[in-house]
Amino acid sequence: MSKVVILGSGVVGLYTAWCLINYAKINPAKINVIAEYLPGDTSIKFTSPWAGGNFSCISPNDPDTLEYDKFTYTHLAEIKKALGPDCGLDMKPSTEFWDIYPGDEKINSLKTYLKDFQVISQSDLPNSTAFGIKFKTWNFYCPFFLKALREYLEKLGVSFTRMQLTHISQAYIPHAIAVFNCTGIGAASLTGISDSNVYPTRGQVLVINAPHIQENKMRWGADYATYIIPRPNSGGQLILGGFLQKDNWTGDTFEEESKDIIRRTTELLPAILDKPIQILGVAAGLRPSRYGGARIEAQMVEDKLLIHNYGAGGYGYQAGLGMSQKAVKLFLENKMLFAKL
């Protein structure tokens, strides 16, 4: 039986499976997700569980990414409906500030689809900020959401295989006619790909108990990010971050960085301090960034199709569904292989 393989079980890999089933109408039993780490695992090499997890304005302004963001934001309700109300995905209010105006391209795109979109008046902006908006956004409880989406896909018939690959050719298991390469940060070292444009952007976050905070608040600077993200269906967990440390591969966490995060986030949203801060955990993650942006393209490997879908950096949750839809379109364009399914 012909198979489609998805290499990588992070959020982009799972979004790809969703798109194959719902937009390409592929039989789930013909989809095999292969990964060294699966939802429920933790490793510094497995990025998706460590993400802050919301739809924000961290992504760049190029036309492709703007479309990926829009597609994801406007289609996440389909996933929530399928997974159920307690899947770690929900909508909450958000406020975002920039030290430098983000550009007309981004703002003109966002205002066409964000719910309750509103530009903040200059008189209400914090000191040293140039622009701000309010809107209703999507929030993720990332580890919980990944597990819920995996379980949903498995119930449909998608198979998950734990396997550590050293070469891309190992993904072409018997009867595989196409492979979607969703390896994220792993694309930097996987033989046969070894994409030298891939690099990590390290972040550190705190998880605190703060059920009294049910709003997102973000501030973007030229070389830093401060963000406050409530986790849905978590019993009141709140993510505080963070950092944008380019080419930093360490998964270690540092006390001075935690103190800096607390200082910045409580200045941005003083209501956090209405209750004593109870730290539940500290974590670091490596965003799978890429010079040139996300790579979504197809190539033939002998007589089989390889479709690349990686390089989302810190915006995999919010742009990844749109990225995956484009990757699946590339598969559908190859009518000869598609006919074998």
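User: Where does Asp195 lie in this structure?

Analyst: Helices and strands are DSSP runs numbered from the N terminus, with at least four residues (H or I) for a helix and at least two (E) for a strand. Here Asp195 lies in the loop between strand S7 (176-181) and strand S8 (198-209). This is a predicted model, in which local features need pLDDT of at least 70 and side-chain atom pairs count only at pLDDT 80 or more, while totals for chains, interfaces and linings use all residues. Residues are numbered from 1 along each chain as its sequence is written, and side-chain values use heavy atoms, with hydrogens and water left out.

User: Is Asp195 buried or exposed, and with which residues is Asp195 in contact?

Analyst: A residue is buried under 20% relative accessible area, exposed over 50%, and partly exposed in between (1.4 Å probe, protein chains only). Asp195 has a relative accessible area of 7%, so it is buried. Contact means heavy atoms within 4.5 Å. Leaving aside neighbours within four places in sequence, Asp195 is in contact with Ala187, Ala188, Arg290, Arg295 and Tyr310.

User: Which residues have the most contacts inside the largest nonpolar core?

Analyst: A nonpolar core is a set of buried Ala, Val, Leu, Ile, Met, Phe, Trp, Tyr and Cys residues joined through side-chain atoms within 4.5 Å. The largest one has 72 residues, and those with the most contacts inside it are Leu20, Ile79, Phe140, Phe145, Phe180 and Phe331. Helix H1 (residues 11-22) supplies the largest share of this core, nine residues. Apart from this core lies another, of 17 residues, among them Ala176, Ile185, Leu190 and Val198.

User: How do the axes of H1 and helix H4 cross?

Analyst: Axes are lines fitted to C-alpha atoms, for helices over the stretch in contact, and angles run from 0 to 180 degrees between N-to-C directions. The axes of H1 and H4 (residues 142-156) come within 11 Å and cross at roughly 35°. A crossing is left-handed if the near helix is turned anticlockwise from the far one by less than a right angle, and right-handed if clockwise. H1 passes H4 in a left-handed crossing.

User: Which residues of H1 and H4 meet?

Analyst: Val11, Leu14, Tyr15, Ala17, Trp18 and Ile21 in H1 meet Phe145, Leu146, Leu149, Arg150, Tyr152, Leu153 and Leu156 in H4.

User: Which polar contacts join the side chain of Arg219 to others?

Analyst: A polar contact is a pair of N or O atoms within 3.5 Å; within protein, one must be able to donate a hydrogen and the other to accept it, and residues adjacent in sequence count only if both atoms are side-chain atoms. The side chain of Arg219 has such a contact of 2.8 Å with that of Asp99, and one of 3.1 Å with that of Tyr224. Arg219 is found in strand S9 (residues 216-220) and is buried, because its relative accessible area is 18%.
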